[in-house]
Amino acid sequence: MTTDLAVDVRGLRKSYGDHSVLDGVDLAVPAGTVTALLGPNGAGKTTTVGILSTLLRPDGGTVRVAGHDVVAQPEAVRAAIGVTGQVSAVDDLLTGTENLRIVASLHHLGRREARERADALLERFDLVAAAGKPVSTWSGGMRRRLDLAMTLVGSPSVVFLDEPTTGLDPRSRRALWGEVRALVAGGTTILLTTQYLEEADRLADAVAVLDGGRVVAQGSPAELKSAHQAGSLDDVFLRLTDPSTLSTAEQSTEEVA
Amino acid sequence: MTAVAVAPAGRPLADTLTMLRRNLLRAVRYPGLTGFTVGIPVVLMLLFVYVFGGALGAGVAPGVTAGAQGRAAYLDYITPAIVLFAVVGAAQSVAITAAMDATSGIMARFKTMAIAPGSVLGGPVLGTVVQGLVAVVAVLGLAVALGLRPAAGAGGWLAVAGLAALVTFALSWLCVAMGLAARSVETASNTPMLLTALPFLGSGFVPVETMPAGVRWFAEHQPFTPVIETTRSLLAGTGLDTSTTVQALAWTVAIGAAGYAWSRSLYRRERR
C-alpha cells in the first residue's frame, strides 16, 4: 500500500520529439514532509512538477499524487493539490482581494466564507495594506506571496512549489521558509524545486537530485552529505550532476601542481 | 486505496459565472480595451456618415441627391454594418484576453484546479458577449441620435440584439482560438484584424451589385453579408428573406462550432 506516500512516481518518462527529458524517474514523498528537487538547469524539474500537477501528460511510468493516478484521475488529483509555478499566476488587472476571492469562488466557498478566507490569507501573508490595489502595481515579492496565498485558498494536502524563492530578497525568502514550515507542521506535504542548495539543506526532510532524466540520489541532506563525504550540499550537487567538468577541473589543477 | 474519493469535477454553471465575474472586473479595470470596442465603431460611423455619406448616399438609394439627403440615406444603409463592426471589435478583444491568460500563468493555475474546464474559456466568451451588446447599444443609440428612424418594433429590436449576441458569441470562440494559437499577446491582437476587413468586402458599405465580378462573388458568399442583410431587414421592419436568414444563422453556428472545437483542442494542448 502506498497510502502514506503523498507523491509516488515510478519509472516516469517524458520526451519532446527526440529529446528525452525524463528517463525513468523514481520519486517518493512521504505525506507531511518537505522534499526538495534539485538539479542543473534543464534537468527536468519543471517538467516533473508539470506532470505531477496534471498540466503535462507522462509518456510512461506511473504517477500517483495523494493516492490518485494523474492520468486516470486528474480531477481527484487537482482537488488535492496546490501549485505555484515559476511564472506568477496572478491576475495583474485585479486587486489582491479580488484575486483571492475569485479563486475562493472557484473552490465553491460561499460568499461570506470566500471573503473570510481571502482576508485571513491577506493577513497571513502581510498583504493587507496593498490588498485594494491592482496587483500590477505590486513588488515582485508581494506578487510571489499572493501567488502562494492563492495556491493555499483550497487548503490543499499536497503543494508543489516550482522555484518559489527565485528572485526574492533574503527577508522574503526567510518569510517563505517560515510559511513552508508552518504548512508542514499542519500536515501538508510539499515538493519544491530550487536552485538554492542552502534552501534545500535548511528546509527539506529529503532531497532528490535530478540529472540526465533520472533521480541520481535521494535521501536526507545529512545522509547525502555523509554518503558522498561532502561538507555541503553544494559539493554533493557538483559531484552528482557534472562529474566530467569536475574531473577535468581536478585534472587541470593536478597538472598545474 | 480502498475507497476512491469522488472528486467534484467542478460545477460548470457556478465556475462559468465566476469566470464571467473575473472578466467583467477585468473589463472595468482595463477600460482602454473596452473603450476601443465602443469608440472605434462610433468614430467609424461619424466618419462614414459625415465625410463619405453625402456622396455615397446617392449611390446606395435610388433618387437620393448628394448632401444632406445622401447622408440620411447612407446612415440608414450602413447602420447594420457598423453594428457588425462593433461585434467584431468586441470579439477581437477576447483574443487578447485569452493570450494574456495563457502567457501569464493564470491559465496554468486554472488548469491545475478542480474546476469545470469549459469555464476557463467560457467565462471570457460570455464577458465578450456582454461587452459586444454594450457596443451595439451605443452604436444604435448614436444612429438614432444622428437621425435614424428604424421601423422595427420591439420584436425587431430584440431580434437585432439577439442576432448580434449570437454573432458575438460565435466570433468570440473563433477569436479565443486565435488568441491561444498566438505565441504572444501582440500576435493575438493582430490575427483577428482580418475579420474587420470582412464587413467592407460585403454588402455593408456599398451594394454588391456595384462591384466587379470576382469581388462581387466573394461579397455575396461571405458569412457577414447575410448577417448584415438580416439586420437591415429587421431594422427596416420589412420582413425577413428566409434564405438570407437561414444563411446568416448557418454561418454563425458553423463559425461558433469551428471556433469552439479549435479553442478546445488548443486548450488541451500541452504548453511548454
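In which loop of chain A is the place of Glu163(A)? Please describe that residue, and then go on to the side of chain A that touches chain B.

Analyst: This is a predicted model. Glu163(A) sits in the loop of chain A that runs between strand 7 (158-162) and helix 6 (170-185). Its phi is near 45°, a positive value in a residue other than glycine. Most residues other than glycine have a negative phi. Glu163(A) counts as buried because its relative accessible area is 12%, and the cut-off for buried is under 20%.

Asp126(A) also has a positive phi, near 55°. Asp126(A) is in the loop between helix 4 (111-124) and helix 5 (140-152) of chain A. With a relative accessible area of 62%, Asp126(A) is exposed.

Now the interface. Chain A contributes 39 residues to the contact and chain B contributes 33 residues. Between them the two chains bury about 3200 Å², with 62% of it on carbon and sulfur atoms. On the chain A side, Leu93(A), Leu106(A) and His108(A) lose the most area to chain B, together 22% of what that side buries.

Six salt bridges are counted between chain A and chain B. In one salt bridge, the side chain of Arg57(A) meets that of Glu270(B) at 3.8 Å, N to O. Eleven residue pairs are in polar contact across the interface. Several elements of chain A each supply at least two residues to the side that touches chain B, including strand 1 (5-16) and helix 2 (74-80). Helix 3 of chain A gives the largest share of that side, seven residues. By class, the side of chain A that touches chain B has 17 nonpolar, 13 polar and nine charged residues.

Notes: Residues are numbered from 1 along each chain as its sequence is written. Chains are lettered from A and ligands numbered from 1 in the order in which they are written. This is a predicted model: local features need pLDDT of at least 70, side-chain atom pairs count only at pLDDT 80 or more; totals for chains, interfaces and linings use all residues. Side-chain values use heavy atoms; hydrogens and water are left out. Helices (H or I, at least four residues) and strands (E, at least two) are DSSP runs, numbered from the N terminus. Buried means under 20% relative accessible area, exposed over 50%, partly exposed in between (1.4 Å probe, protein chains only). Contact means heavy atoms within 4.5 Å. Buried area is the accessible area (1.4 Å probe) that two parts lose on being put together, summed over both. A salt bridge is a side-chain nitrogen of Lys or Arg within 4 Å of a carboxyl oxygen of Asp or Glu. A polar contact is a pair of N or O atoms within 3.5 Å; within protein, one must be able to donate a hydrogen and the other to accept it, and residues adjacent in sequence count only if both atoms are side-chain atoms. Ala, Val, Leu, Ile, Met, Phe, Trp, Tyr, Cys and Pro count as nonpolar, Asp, Glu, Lys and Arg as charged, and the others, Gly among them, as polar.
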